[in-house]
Amino acid sequence: MLKFLQVLRKALKNKVLHYMFSRYATYFIQFINSLFIAVFLGPYYLGIWGFITLIIQYLNQINLGIAHSVNAIVSIHKNKEEYVKKIIGTSFTMLIILSLFLVLFFAINKLLNWNLGTKYNFSTYAVPVVVIGILANFNTLFSSIFRIYGRIIEVALNQSSVPVFMLVAILLFKGKDLLWALVGANFLAFFLSFILYLIRTPVKIKFLFIPRLIKVIQIKGWHLFVYNSSFYLIIISTKTLVSNYFSVDEFGYFTFAFALSNTVLLLLQAISFLIYPKLLNRFAHSSNKTVSEILNSVRDTYISVSHGLIHFAIMMFPFFLFFFPKYQNTANTFHVIALAIVLHTNSFGYQGLLIAKRKEQRLGLLALFALILNIIIAYFLIEFVKVRYYQVIYSVLFSYIVFVFLVSYYGRKSINSSLRLNRIMKDAFPVRIFFPFILSLGVSFLEIENYWKVLPFMVFMGLNASRMPHLLSLVKKIINNPKFINV
């Protein structure tokens, strides 16, 4: 009993667990929001909301990699205080210039009547959406800085603000009015987070214009921009094609299934968000043997838990739909999207390794190749195979498989690990992970009875039971060593 109380006392004082609790509470609210938005908007207005969030996602990706570059540079050179201040000050000036270009683009769109998102009546919401996109870029940069310095409370408040404000909007508005309320909630949340970051910043912000540092930030940032944007555009471009070629209602169904499947993996993003700067630092300054040991440990845990959560969610989703009769036909949509999304976790660790080893250009080219491959396959499936709206996601699934294999190959090459095909495949797609995945994909493709969805989860648990003690050991480490996230 005394030992339990000691562990509990440590947990209550642990800032990492405080952050984790806030994230899981936020994800729960986000999950509830997704459900209520789907019910209160209905498929048609949900389709419009899906398009609005799609534009915000595009704006958040058009950041030239500035925040990603600062994150990588400061994580590796944190002890060089003056250098870090100059890097951060220059990066803020770069974001201001970028923001002016974004405003100019949408002003030209309005003047020349390019009809962006006419089917979704986007022009009505354009101004606040652009402001949200700009604030999102600044807050992303602030978040990177704060987590490097271990200031995760402010980061947690930023990440929690949007779901909380949206929940308030959902409780007060319905139908078309809810659309405007959701846009307003996003704007208010991003603006207040921006003010909080300004007040609490761990590094005094001075807007600097140093051409030499702009070059340093942008060279690294460009490659990271190509990587991050290409990687996330794999999903975003697929959603864009679905929004363009299918009806507003069908895009609403797609948005519903995607939002819920993505929520499942958000549980793990809280962990990866915290440990990413530390991984960069360790990868940059450790021997190849140590790096290999770290990779094996973090990948084994992260990938196993990710796939386990997805198989469990797929198994439970048909029961969940009993409470949402409007979306009864999305069971298979959720199944396919969830399988596609979880595949990207198989590359976990290797992206950070390549960045730490200054291989950003290679990583960016791999992601760009996967993006181009995805667009070609998706377009082919829509135009020539005439697939249903949710089957377009097969392009993402195939593109992720190719990307994971290539990033594993070059990641292993950077630390002189074996490049034999069987070793790469075993590392990228372990049999204990990939066999249940293929089994689940087959169940989805055949569209057989829902009770068959239990089988992949049971097979997965049988093949991965030995990993559970390692997971419990990691949880214990987090409780006993809250400084494990510090660089």
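Which residues have the most contacts inside the largest nonpolar core? They are W49, I88, L182, F256 and F403, in a core of 144 residues. A nonpolar core here is a set of buried Ala, Val, Leu, Ile, Met, Phe, Trp, Tyr and Cys residues joined through side-chain atoms within 4.5 Å. Keep in mind that this is a predicted model, where local features need pLDDT of at least 70, side-chain atom pairs count only at pLDDT 80 or more, and totals for chains, interfaces and linings use all residues. Residues are numbered from 1 along each chain as its sequence is written, and side-chain values use heavy atoms, with hydrogens and water left out.

Take F403 as a way in. Beyond its neighbours within four places in sequence, F403 is in contact (heavy atoms within 4.5 Å) with Y227, F231, S347, L363, L366, A367 and A370.

Now zoom out to the whole chain. Of its 487 residues, 55% are buried, that is, under 20% relative accessible area with a 1.4 Å probe, protein chains only. Of the contacts between residues at least 6 apart in sequence, 85% join residues at least 24 apart. The secondary structure consists of 18 helices and zero strands, with helices taken as DSSP runs (H or I) of at least four residues and strands as runs (E) of at least two, numbered from the N terminus.

Finally, look at one helix pair. S306, H307, I310, H311, A313, I314 and F317 in α10 meet A331, F334, H335, A338, L339 and V342 in α11.

How values were computed: Buried < 20%, exposed > 50% of the residue type's maximum accessible area, 1.4 Å probe, protein only.
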